[in-house]
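Thanks for making the time this morning. I would like to walk through one model with you, going from the overall numbers to a few particular side chains.

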Amino acid sequence: MEFQAEVNRLMDIIINSLYSNREIFIRELISNASDALDKIRFESLKDKDAVGQVPLEIRIKYDQDAKTLTISDTGVGMSKDDLVKNLGTVAKSGTTDFVEKAASGTDSLSLIGQFGVGFYSVYLVSDEVTVVSKKNEFSQHVWKSSANQTFSVAPDPRGDTLPRGTSVTLKMKEDADEFLNPENLEKLIKKYSQFIQFPIYLHTHKTVSKEVPIEEEEKPEEADTEKDAESDDDLEVADEEDDNVEKKPKTKTVQETVWEWKHINTNKPIWTRKPADIEEKEYIDFYKALTKDTDEPIEFSHFSAEGEISFKSILYVPKKAPAGYYDNYYKKSTALKLYVRKVLISEEFEDFMPRYLGFIKGVVDSEDLPLNVSRETLQQSKVLRVMSKKLTRKAIAMLRKMAEDCEDDEDEEDENEEEEDDAEGTEKECKFDAFYSEFGKSLKLGVLEDNANKKKLGKLLRYETSKSEGKLIGLQEYVENMPESQEHIYYITGESKDAVKNSPFIERLTRKGIEVVYMVDPLDEYIINAIPEFDGIRLQSVTKEDLEIAQSEAAKEKAKKLKEEFKPFSEWLATKLGKRVSKVEVSNRLAQSPCVLVTSKYGWSANMERIMKAQTLGSADSQPWMKASKILEINPNHPLIKELKERSQSDEDNELKNSVELLYTTALLSSGFPVEDPKAFAQNVHEIIAKNLGVDSLEVELEAEEPLDNGEDEGEEEEEEEEEEDSASKDEL
């Protein structure tokens, strides 16, 4: 008989092009076996005798000597006609036909369990395939093929060796010995089919220790006679107790190989059950089995989605980020596993969850997900986008719930604070704080990458502030704590918490009791551009120009007079500094510091300029229009500024040049900018130290240095001596 298709080309395409990983043949065969078991169980609903006493199971057996692998099931089985129709027609998918006929209302029982293109993946690892099948009320037949243009179907000469079902035996290729290794087989079964609802048994062996008796050597008859005589004498004097003592036989320990059927898929797909019926310990145990993580998850979410596409999922938030997680941020994620009808399809499927949520682990299982013929890649469709949106929404909702639970716990603690002082108890750890310390960067990346959900994610961001006493708070809590007269959310960016906490930019704000948000993560510079306002309240940087602080009319009038008073001095100072500053102004943000350098509204801050310079492949010079335009703000109440203002009126010989330079450089440092000329700055500091110590001159008297000998002169002298010797010898001759 011949295949009912253009086999020569088609089989080559299927075997060599359709599948990217040949190990999936084991998944396809187990899936086919599971489909066959599904059908016989389905038939038993109408015919109770269809299953009989035969258990519904899948058994896998290997023979390393014969180089064969056998996958057997006790499913519906196939008759001769079924073998010809299902295995002889390439790409005949009985499961697909079943779904189509079930939707049309026709009889679908005869279609589950048939073989589709997946069956032919066996030729990735085998040279010859033998299928033995027995169907109820039919005799047993054998189908055999070597992936060429022909196949054979004949009655089994051994008779009916199977009670019911199908056995597929593969004659493995020379380079496929790895699939005859029990450890590899067990690993692959667990990887792809650990959640199949029918038990899967692997015929494997183990070595056990066993005690066996030692056979005593035969002794001569004479010795036996003497022994009998002695024993007769002993009987006359033996005690009664000696008669009851049993002699233990001598034994030795030997190693024995024992073969057994090992149950592989012991883990159950708990996502198919109702959440109300599952205990928390079951969720935790399932997480550990799924991810091989020793820690418990911080949070999990179990849900079902209905609508255009139906699927079930369990999402977990791990306790700790994997080592180097953000270093490998743009690599493929293996945290979310995709199952279709409890069969693993992909471990590296990124389209279900955005990259910033790549830390979330779990499973997604769908009964009607559209797959291509290899089951390895999903068809790009509207259905896929719908699933992605639902999963993302559920993941963010899980994180929001964690944050809200922490807020509720804090409210309860405040209400019961007096009672808790008297009662003994342990403090409840906020799960969201533990999560944020590990994955806070992911939420910030989400604000930058996910425009649709950035407002939701923005509410999950947490920062330390000038009033939070080391505790992380959200922008929502900041807004709730704002005085009525405050119109902006004030923030400061910097390299570290200590740097921003002691920054001159926040001196007056903290004196007025205004809370300032500390943003010390490099990502925060980008966050501000993504969310310039929160709940309609604008975020304002305290390091940029035009800082708006609520003040009375009298304070405004006083500030206006100071600006007029210091206007000539500001112009004089701007002239001294030249192009290094765009202008000099009287500051409304300084209290103790003499001056500070602020930047323009729409350019980089000093911190952002530092970040850009630190880029490995980037350069701050590549975007010169974004470089900070510096504005020097002076404190009119500071003694140094007052004295400098007085002396500037009589400065005709640039006597104050060094003082201005030193003041400007210290402003650079305190404002977060690098020193432009470190050598000149160091020289100014040395001169001040010399003046304090009474040193008249900083010039160092140096002795003359001897130049290093490079060896050329010695070489020339040697050559001259050799030439003189040669000429002298010639003269003698």
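Let me begin with a definition: a residue is called buried when its relative accessible area is under 20%, exposed when that value is over 50%, and partly exposed in between, with a 1.4 Å probe and protein chains only. Please keep in mind that this is a predicted model, in which local features need pLDDT of at least 70 and side-chain atom pairs count only at pLDDT 80 or more, while totals for chains, interfaces and linings use all residues. Residues are numbered from 1 along each chain as its sequence is written, and side-chain values use heavy atoms, with hydrogens and water left out.

By that definition, 43% of the 733 residues of the protein are buried. The protein has 23 helices and 22 strands, where helices (H or I, at least four residues) and strands (E, at least two) are DSSP runs numbered from the N terminus. Taking contact to mean heavy atoms within 4.5 Å, and looking at contacts between residues at least 6 apart in sequence, 73% join residues at least 24 apart.

A local example of burial is helix 3, residues 80-87, in which Asp-82, Leu-83, Val-84, Asn-86 and Leu-87 are buried. The cover over these buried residues includes strand 3 (126-134), strand 4 (141-145) and strand 5 (151-155).

Next, the nonpolar cores, each a set of buried Ala, Val, Leu, Ile, Met, Phe, Trp, Tyr and Cys residues joined through side-chain atoms within 4.5 Å. The largest has 78 residues, and Phe-432 and Phe-435 are those with the most contacts inside it. Helix 9 (residues 382-415) gives the most to this core, namely 12 residues. A second, separate core of 62 residues includes Ala-33, Leu-170, Leu-180 and Ile-196.

Which residues does Phe-435 touch, leaving aside its neighbours within four places in sequence? Phe-435 is then in contact with Ile-298, Val-317, Phe-359, Leu-399, Met-402, Gly-440 and Leu-443.

Turning to charge, a salt bridge here is a side-chain nitrogen of Lys or Arg within 4 Å of a carboxyl oxygen of Asp or Glu, and a search of the whole structure finds 30 of them. In one of these, Lys-262 pairs with Glu-186, with the closest N and O atoms 3.1 Å apart. Because Lys-262 lies in strand 8 (residues 251-263) and Glu-186 in helix 5 (residues 182-193), this pair ties together parts that are 76 residues apart in sequence. Lys-262 is partly exposed, at a relative accessible area of 33%, whereas Glu-186 is buried, at 17%.

Another salt bridge joins Glu-299 and Lys-431, whose closest N and O atoms are 2.9 Å apart. Glu-299 belongs to strand 9 (residues 299-305) and Lys-431 to helix 11 (residues 431-449), so the pair ties together parts that are 132 residues apart in sequence. Glu-299 is buried, with a relative accessible area of 10%, and Lys-431 is partly exposed, with 36%.

Helix 11 also holds Lys-444, which is linked to Asp-521, 77 residues away, in the loop between strand 17 and helix 16 (522-530).
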